[in-house]
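Please walk me through this protein. I would like to start with its charged side chains, then move on to the rest of the fold.

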Amino acid sequence: MEVGRFRLGMRTLKTALAVMLCIILFKVFDRGAPMIAALAAVFSLRQDLTTSVTFGKSRILGNTLGGGLAIVYFLVKDLFANDFLVELLLLPILVIIVIVVSDGINNNSGIISAIATLLLISLSIPQGESFYFALDRVIDTFIGTFIGIGLNFFFKPKPIEETHEIEEDLAELAKKEAELKELREKVQARVEAEKQNKK
């Protein structure tokens, strides 16, 4: 459905449904706040099942890495009686580890989700909570990811909707290609100017 420049498509409805399912699931099973699961579901939803599964694998790797390091952070912080310096120094180091490891295992598309998982879990653990609280938050990210992938499995986009989304993606790629071309031309002009100056 389109009204001028505003469009309500299948992906938008699936995103809203993913958030709704997280809220219902967490209420039924009394898992607390569904924030982390809902964000994971939104991050995992893509235009179709194939890209959702591809992105889902990347997301699961990212969740595992970010969640594992969040548990390390929790254990170290607990060891030092929740000292502020641990938060100040250890979290940036863990962010570096996430980036280096993700790049090393060729999971660059999962870097943002891994850092988001690390920070969401690390910074949302109330003082005095147990190790199991941190572990539950890691499980929350997996719940959200599987909800996002599951919705794309059950609700496949209509061919016209899929075509529209592909056209949007192509337009975005063309825009980025034009920006890169412009940047390349500027760099080439600068290199030429420097060559002329040296003469």
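How many salt bridges does the count come to? The count comes to five. Keep in mind that this is a predicted model.

Start with R31 and D136. They form a salt bridge, and their closest N and O atoms are 3.7 Å apart. D136 lies in helix α6 (residues 131-154), while R31 sits in the loop between α1 (10-28) and α2 (35-44), so this pair ties together parts that are 105 residues apart in sequence. D136 counts as partly exposed, at 29% relative accessibility. R31 is also partly exposed, at 24%.

R31 has another partner. Its side chain meets that of D140 in a salt bridge, with 2.7 Å from N to O. This pair, too, links distant parts of the chain: D140 is in helix α6, R31 is in the loop between α1 and α2, and 109 residues separate them. D140 is buried, with a relative accessible area of 0%. Now put the pieces together. R31, D136, R137 and D140 are linked in a network of salt bridges.

A salt bridge can also stay inside one helix. E182 and K186 form one, with the closest N and O atoms 3.6 Å apart. Both belong to helix α7 (residues 159-198), and because they are four residues apart there, about one helical turn separates them. E182 is partly exposed, with a relative accessible area of 45%.

Step back to the whole chain. The protein has seven helices and two strands. Of the 199 residues, 33% count as buried.

N63 has its place in helix α3. Is N63 buried or exposed? N63 is buried, because its relative accessible area is 0% and the cut-off for buried is under 20%. The side chain of N63 makes a polar contact with the side chain of T117, at 3.1 Å. The N63 side chain also reaches the backbone oxygen of T141, at 3.5 Å. Leave aside neighbours within four places in sequence, and N63 is in contact with G68, T117, T141, F142 and T145.

S102 lies in helix α4. S102 is buried as well, with a relative accessible area of 1%. Not counting residues up to four places away in sequence, S102 touches L65, N107, N108 and I111.

Now turn to the surface. The accessible surface of the protein comes to about 12700 Å², and 67% of this belongs to carbon and sulfur atoms. One nonpolar patch is made of L61, I93, I97, V101 and I105, with about 390 Å² of accessible area together. Helix α4 (residues 84-104) supplies the largest share of the patch, three residues. L61 is found in helix α3 (residues 49-79). L61 is partly exposed, with a relative accessible area of 44%.

Finally, compare the model with a record. An unreviewed UniProt entry lists residues 60-76, 83-102 and 108-126 under "transmembrane region". In the model, residues 60-76 are 100% helix and 0% strand, and the end C-alpha atoms are 24 Å apart. Residues 108-126 are 74% helix and 0% strand, with end C-alpha atoms 30 Å apart.

Technical notes
Residues are numbered from 1 along each chain as its sequence is written. This is a predicted model: local features need pLDDT of at least 70, side-chain atom pairs count only at pLDDT 80 or more; totals for chains, interfaces and linings use all residues. Side-chain values use heavy atoms; hydrogens and water are left out. Patches are made of residues with over 30% relative accessible area and no salt bridge: like charges are joined within 9 Å, nonpolar side chains (Val, Leu, Ile, Met, Phe, Trp, Tyr) within 5 Å. Accessible areas come from the Shrake-Rupley method with a 1.4 Å probe; for residues, only the protein chains shown count as cover. A salt bridge is a side-chain nitrogen of Lys or Arg within 4 Å of a carboxyl oxygen of Asp or Glu. Buried means under 20% relative accessible area, exposed over 50%, partly exposed in between (1.4 Å probe, protein chains only). UniProt positions are given in the numbering used here, feature names are shortened, and annotations may be inferred rather than shown by experiment. Contact means heavy atoms within 4.5 Å. A polar contact is a pair of N or O atoms within 3.5 Å; within protein, one must be able to donate a hydrogen and the other to accept it, and residues adjacent in sequence count only if both atoms are side-chain atoms.
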